Amino acid sequence: MTALQTLAAALATGAVEVVDLTHTLDPDFPVIVLPPEFGQCARFRMEEVSAYDHRGPSWKWHNISMSEHTGTHFDAPVHWITGRDRPNSAVDEIAPENFVGPVCVIDCSQGAAEDEDFELTPDIIAEWEGIHGRIPADSWVLMRTDWSKRRGAEYLNLREDGAHSPGPTPEAMRILVHDRHIRGFGTETVGTDAGQGMHYTPPFPAHHTLHGAGRYGLQCLAGLDRLPPTGAMLLAAPLKIRNGTGSPLRVLALVPGKDAT
Amino acid sequence: MTDPLQPPPKKNPQVRSPLAHLPPVPRSRAALGLTARAAEGRFALQQCADCGAVQYPPRDACRVCLSTDLPWRDQPPMGALIAETTIRISPDLYFRDRMPWRMGTVRLASGVSVLCHLHGDVRKGPVRLILRLDRAGQGVIMALPEQEGPDMADDPQLRELGADPKHRRVLITDARAPTTRALVRALLDAGAATVFVGEAEPWRRWPGRDALAAMDRVEIVPLDLTDSASVREAAGTLGGKTDILINNAAFLRPGGLLERSDTVFAQQELEVNYLGLMRLAQGFGPMMHARGGDGVNSAAAWVNILSAHALAADPAHAGYSAASAAALSLTQSLRAEMRGGGVRVMTVLTGPPDDEWHAEIPPPKVAPRALARALVDGLQRGLEEVACGDVARDLVERWQRDAKVLERELAEGAGR
């Protein structure tokens, strides 16, 4: 059997399961909020064009609109100033093999439950590697916080001094990108950086470091508690938007099935 | 003495809701001048530019010298009731529902006699006249007692000539707007039964929410004008009990046309100020239109609060001026369609409010309480056009005098 035939059989028997890590595109889903004098991230909107009626007798369809960075979405290197001169830095230029790959999941859910500004630090990475082995080069690393289970105002968690949500420290990002050579980094929060990420040096270290090295980001992921620490395969292909800096997308993972032998 | 108006009883679900019959409609073009003055809340009649004779009813040539130069001039509203009658039977559907109906003849100091509706407290002798819009949106004159009396506004004939919030349920579309607290307060003070306040994006915390939510007779409801599904949902939930809708949502970012190289803010300005109004109209309009005759708490009025620069652009707020102009145009179409249901549409044109997006503009600015006072007064008097604040009043006046001159004056300082 070829590898793909084996995979097909495993999918058919349930030995490999498909898990959806995507939030529903919904007008009420939070987007990042910037100071109001800046242009803002467009919310998801849906306008009914016809619904089997006088506007179109036999069909229903909608016009939709949103930002490249609305809902569960992919960040390309060109999104950040550090990545603007990287080759193949827009979503339409990224080679498709980058959209399928292995994934490591670092569980920070307990810490994030206790501290809304919880940081992913080099120590936590070292601790994880002590159990699961060194993070392989060219793999996705996802920071599990169970933040995707939060609803309403608890999600952005905005206060007068800004948003409060967990994220990585600059040194953690340096290790992941420059020592481990990961393919990309993903979170369950609205961005790859912490809510207070602008106060680090450099500001927004995940964006700064990832995109400066030509790597990718995934954010607003859902249900990372359904992934094993290692051994899953991530499928995350953004829309092919010319010169796009990112794209909403359906993120799937192949995971070992419950009955896997 | 007027009997105080009682809150309406709960409706009998087995009885058809009353239709919104309208008073007789056709008028001459000259008589529409009466409508235009009533829309602004003025008491004005034609007065001959050549011989000074005051005219009534409106006409095309002076009753004394046959001059055709008959401009509308404000008149002292005092007169004496010299004759009255009570109509007890009428084939007209509107008056038939409201019998008996008192009418009378009032002699003005200028010598003309006008035919008018009579407030219940009016007796022969001195009266004060008001020019108001009736249910069909036409200027009519009513005689009031010289002195204000308690519960005077509850007179059934007078209540027909306004959209008094008393016992009515009001929807204010944007809870976060700086005007909302003052509007809620003023409407409750005016006797509104309930004030619903629309809240968009509850996932963004905002100051003042708890205080608003804690107010008696106030309910915060989900409503996002930029989201068609949200507006449909809100209309489906509240459309049947929205008697007065006040659209106070606004989005603007200052800046001239050439200051930005994109349409991002302009799109948001259109989404909120223009398309938001359109979504509201499509959602709430038909249901309010159907309830214009529904008793004490019938649907009564729709209010749009717009920048006075809807009339003439402020080049320093180019996108917002354009979106406001679009909203003003849509308001006119909405008024035309709502008239058939007996629902008034009022535009409140304001000068610059004291908010973060008018920080560059020196005072005078419009305080939320002043806006709320003008708006409630406009509802009670059934106006169609209200200019709130010195800047807006001045702008409207200059626009009426010479729109082209005003355009040029507003352009001073732009493009330097």
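The C-alpha centres of domain 1 of chain B and domain 2 of chain B lie 31 Å apart, in a model that is predicted.

Student: Which residues do domain 1 and domain 2 of chain B cover?

Tutor: The bounds come from a domain assignment of chain B, which gives two entries, domain 1 and domain 2. In that assignment domain 1 is 32-159 and domain 2 is 169-411.

Student: Which elements give two or more residues to the side of domain 1 of chain B that touches domain 2 of chain B?

Tutor: The contact takes nine residues from domain 1 of chain B and eight residues from domain 2 of chain B. By class, the domain 1 side has four nonpolar, two polar and three charged residues. The elements that supply two or more residues to this side are α1 (32-40) and β6 (125-133) of chain B.

Student: Which element gives the largest share of the side of chain B that touches chain A?

Tutor: This contact takes 11 residues from chain B and 13 residues from chain A, and the chain B side has five nonpolar, three polar and three charged residues. Two or more residues come from each of α6 (228-238) and α7 (264-289) of chain B. The largest share, three residues, comes from α6(B).

Student: Why can chain B be called as compact as a globular protein of its length?

Tutor: Chain B has 11 helices and 14 strands. For its 416 residues the globule rule gives 22 Å, and chain B is as compact as a globular protein of that length because its radius of gyration is close to that value, at 22 Å.

Student: What share of the residues in chain B is buried?

Tutor: A residue is buried if 20 or more other C-beta atoms lie within 10 Å of its own. Applied to the 416 residues in chain B, this gives a buried share of 43%.

Student: Are α7(B) and α8(B) roughly parallel or roughly antiparallel?

Tutor: Two packed helices are described by the angle between their axes and the distance between the axes. The axes of α7(B) and α8 (residues 318-339) of chain B come within 8 Å and cross at roughly 10 degrees. Angles under 35 degrees count as roughly parallel, and therefore the relation of α7(B) to α8(B) is roughly parallel.

Student: How many residues of the contact of α7(B) with α8(B) are nonpolar?

Tutor: Among the residues that meet are B:Phe265, B:Leu270 and B:Leu277 in α7(B), and B:Tyr320, B:Leu330 and B:Leu334 in α8(B). The contact also holds five polar and two charged residues, while the nonpolar ones number 14.

Conventions
Residues numbered from 1 in each chain as written. Chains lettered and ligands numbered in written order. Predicted model: local features only at pLDDT ≥ 70, side-chain atom pairs only at ≥ 80, totals over all residues. Domains from an automatic or database assignment. Contact = placed C-beta atoms within 7 Å. Helix = DSSP H or I, 4+ residues; strand = E, 2+ residues; numbered from the N terminus. Nonpolar A, V, L, I, M, F, W, Y, C, P; charged D, E, K, R; others polar. Rg over C-alpha atoms; globule rule 2.2 N^0.38 Å. Buried ≥ 20, exposed ≤ 12 C-beta atoms within 10 Å, placed from the backbone. Axes fitted to C-alpha atoms, helices over the stretch in contact; angles between N-to-C directions. Parallel < 35°, antiparallel > 145°, perpendicular 65-115°, else oblique.
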